[in-house]
Amino acid sequence: MSALVTAFEQLIPSKFLLARQNGCWIVEEPGAGNSRFEIAGGKSHAFTLDQGGITVFPFFTDAALKGVKSVNDAIVVAVVGQNTYVVAVEMKTSNGKTSEALKQIESGRLFAAWVRQLLSFHGHWTGGPCKFFGVVSLKPRRQPPKRGSRRTAELPSPLQSTHGGGYPYFELGNHPRVSIADLVQKIPGTPGSC
């Protein structure tokens with residue numbers, strides 16, 4: 001397992017850890033329009049800072065500037081092949097909310113970059129290749145299965161975020177479960193660095 005995954009395991013308290021079931025990390029938002037998303041990560045660590053009743057940035061006031069305290073729904077640090085990936089996940093009910101989701105994904109990228117730099121500065125991670133991409137999970141369509149159709153929809157090609165270093169992100173409209181390894185295969189060239 002990558003040193004970065006191990007460092008995040010040692011750094012993030014267990015109360016922020018996502019539940020894991022059948023090899024998938026479970027991102028849940030009870031009561032939300034899009035309330036469950038499963039992401040398989042293999043050798044990985046996944047957590048959420050988006051928890052009701054917990055102030056994850058207590059050093060910011062409640063009157064903090066808009067967006068500064070916002071967090072995305074989940075961050076997964078995973079190893080695929082020889083590479084380490086940081087994946088920020090945000091769930092929304094419709095693609096009209098994608099712009100908002102991308103801002104929250106960028107907040108996740110900036111948080112992960114800050115943590116990674118602190119780990120490196122204090123000698124807990126010696127650096128190395130680390131790649132970043134985002135996932136916007138939209139509420140799956142409710143439709144009856146068609147005869148002869150495939151069980152899961154084809155993964156879309158990634159789009160480029162206008163934030164940060166122009167990293168790729170996936171807009172998944174009918175994928176309640178996905179694998180990071182499958183997403184990585186869809187990214188042409190090199191994902192954004194984390």
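1. In what follows, Ala, Val, Leu, Ile, Met, Phe, Trp, Tyr, Cys and Pro count as nonpolar, Asp, Glu, Lys and Arg as charged, and the others, Gly among them, as polar. By that division, the lining of the second largest pocket has 13 nonpolar residues, two polar ones and no charged ones. The model discussed here is predicted.

2. Helix H2, residues 98–121, gives the largest share of the lining, with five residues.

3. On the overall fold, the protein chain has three helices and eleven strands. Along the sequence these elements follow the pattern α-β-β-β-β-β-β-α-β-β-β-β-α-β. The chain has 194 residues, of which 44% count as buried. Among contacts with a separation of 6 or more, 68% are between residues 24 or more positions apart.

4. As a general point, strands of a sheet pair through backbone hydrogen bonds, either parallel or antiparallel.

5. Within that sheet, S1 pairs with strand S2 (residues 24–28) in the antiparallel sense, over three bridges. Arg 20 has Trp 25 as its bridge partner in S2.

6. The loop between S1 and S2 contains Asn 22. What is the phi of Asn 22? The angle is positive, about 50°, although Asn 22 is not a glycine. Most residues other than glycine have a negative phi. Asn 22 counts as exposed because its relative accessibility is 75%, and the cut-off for exposed is over 50%.

7. Is His 45 buried or exposed? His 45 lies in strand S4, residues 43–47. Its relative accessibility is 7%, so His 45 counts as buried; the cut-off for buried is under 20%. Neighbours within four places in sequence aside, His 45 is in contact with Val 5, Phe 8, Glu 9, Ile 12, Leu 17, Trp 25, Ile 75, Val 76 and Val 77.

8. Two of these contact residues link back to earlier points. Trp 25, a contact of His 45, is the bridge partner of Arg 20.

Key. Residues are numbered from 1 along each chain as its sequence is written. This is a predicted model: local features need pLDDT of at least 70, side-chain atom pairs count only at pLDDT 80 or more; totals for chains, interfaces and linings use all residues. Side-chain values use heavy atoms; hydrogens and water are left out. Two strands pair if DSSP finds at least two bridges between them. Helices (H or I, at least four residues) and strands (E, at least two) are DSSP runs, numbered from the N terminus. Buried means under 20% relative accessible area, exposed over 50%, partly exposed in between (1.4 Å probe, protein chains only). Contact means heavy atoms within 4.5 Å.
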